[in-house]
Amino acid sequence: MSVVSNEPSFLFQNPALLSDSLTNIAFLATSKYFADVYYGTAAYTFKEKHIGSMLVGVQHVNYGSFDAFDELGNNTGSFKAADYALYISASRSFADSNFSYGITLKPVYSSYEAYHSWGLVADAGVLYYNPKALFSAGLVLKDFGYQFKSYYSDHHEPIDADLQLGLTKKLKHAPLRISLTLMHLEHWNMAGYVKDEANADVLNADSSSNKRTNLDKWSDEFLRHVIVSTDFILSKNFYVALGYNFQRRKELGTDTRMATTGLSWGFGLKIYRFQFHYARAAYNLAGASNMISISSRINDWYKKAEKL
């Protein structure tokens, strides 16, 4: 969310990253999660003279088809479940400064069999970018909004916002870029610590064997907010990336065998007028997600046609 590059998928993390250098780019991504769940994104960026740099895109999660049964266990056919979000982003820079700001409006729609819900959420972000110092910082409030129609009457689900802070530094004499992201700053106790009868901090309310000292408790709570990553920029056309999500490892890992839970890696390369990216994220011992994306700047094709 604080990396300034030519990668359009970062714009979904911070709308303030949208700039003139990222206009007229078409972007498409797909990912296979567990149990035949598919995730996909398509977007296009452009410049609007009265508003500034803009992005229009759509995201969806398709959970596939399910067998339907009545209360007696009789098969009544099948049904589908899916979530959708429309992205409308705009960004502008503050005059004569290293700051920019952006906002994304996201109408969201969810359909599970006969149950449907829709609402409106938004992302708001600011970005500081100093190209001389090779440093950037971003602050984003993600997914704040309201559910206008619930799945069924007399029941309203809240939409949880996420306040994130990101810092990115590129080394001057090495092909290395390091990023630190702090997520859910609006909610410190993500571990769920509670007080037991002796007024001591325990990780589970029914477990007296999980008592923590103040230092253990604070460090555990802090690390659950942290994501660290690094990019090895080997050339203008190729990079390798690594990431580590502490919360994912703590919550989805197993005590007997952590393996690579919480680790993600990927690479990107440019071939002809296309940019290809691949990423793999380990969630637990059951498996990992794989994402493939492709993007291309439409202006490059116009230039080729003009030369011909």
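Let's start with a pair of charges: Asp 20 and Lys 47 form a salt bridge, their closest N and O atoms being 3.1 Å apart. A salt bridge here is a side-chain nitrogen of Lys or Arg within 4 Å of a carboxyl oxygen of Asp or Glu. This pair links distant parts of the chain, 27 residues apart, with Asp 20 in the segment before S1 and Lys 47 in strand S2 (residues 38-48). The names come from DSSP runs numbered from the N terminus: helices are H or I with at least four residues, strands are E with at least two. Lys 47 counts as partly exposed because its relative accessible area is 48%; buried means under 20%, exposed over 50%, and partly exposed in between (1.4 Å probe, protein chains only).

Before going on, keep in mind that this is a predicted model, where local features need pLDDT of at least 70, side-chain atom pairs count only at pLDDT 80 or more, and totals for chains, interfaces and linings use all residues. Residues are numbered from 1 along each chain as its sequence is written, and side-chain values use heavy atoms, leaving out hydrogens and water.

Back to the charges: the structure holds nine salt bridges. Another one joins Asp 123 to Lys 106, with the closest N and O atoms 3.1 Å apart. Asp 123 sits in strand S6 and Lys 106 in strand S5, 17 residues apart, and both are buried. In helix H1 (residues 214-223), Lys 217 and Glu 221 are four residues apart, so about one helical turn separates them. Their side chains meet in a salt bridge (3.3 Å, N to O), and both residues are buried. There is also a network, in which salt bridges that share partners join Asp 220, Arg 224, Lys 250 and Glu 251.

Now for the strands. S6 and S7 pair in the antiparallel sense over twelve bridges; two strands pair if DSSP finds at least two bridges between them. They form a hairpin with four residues between them, and Leu 134 in the turn has a positive phi of about 55 degrees. Look for Asn 130, whose bridge partner in S7 is Phe 135. S7 is also joined to strand S8 (residues 162-170), again antiparallel, by eight bridges. There, Lys 142 stands opposite Asp 162 in S8.

What about the inside? The largest nonpolar core has 14 residues, and those with the most contacts inside it are Leu 11, Phe 12, Phe 27, Ala 43, Leu 55 and Tyr 87. Strand S1 (25-32) and S4 are the elements that give two or more residues to this core, and S1 gives the most, with three. Such a core is a set of buried Ala, Val, Leu, Ile, Met, Phe, Trp, Tyr and Cys residues joined through side-chain atoms within 4.5 Å. Leaving aside neighbours within four places in sequence, Leu 55 is in contact (heavy atoms within 4.5 Å) with residues including Leu 11, Leu 18, Ala 43 and Tyr 87.

Phe 27 turns up again beside a serine. Ser 293, in strand S16 (residues 287-297), is buried, with a relative accessible area of 6%. Among the residues Ser 293 touches, not counting those up to four places away in sequence, are Phe 27, Leu 28 and His 277.
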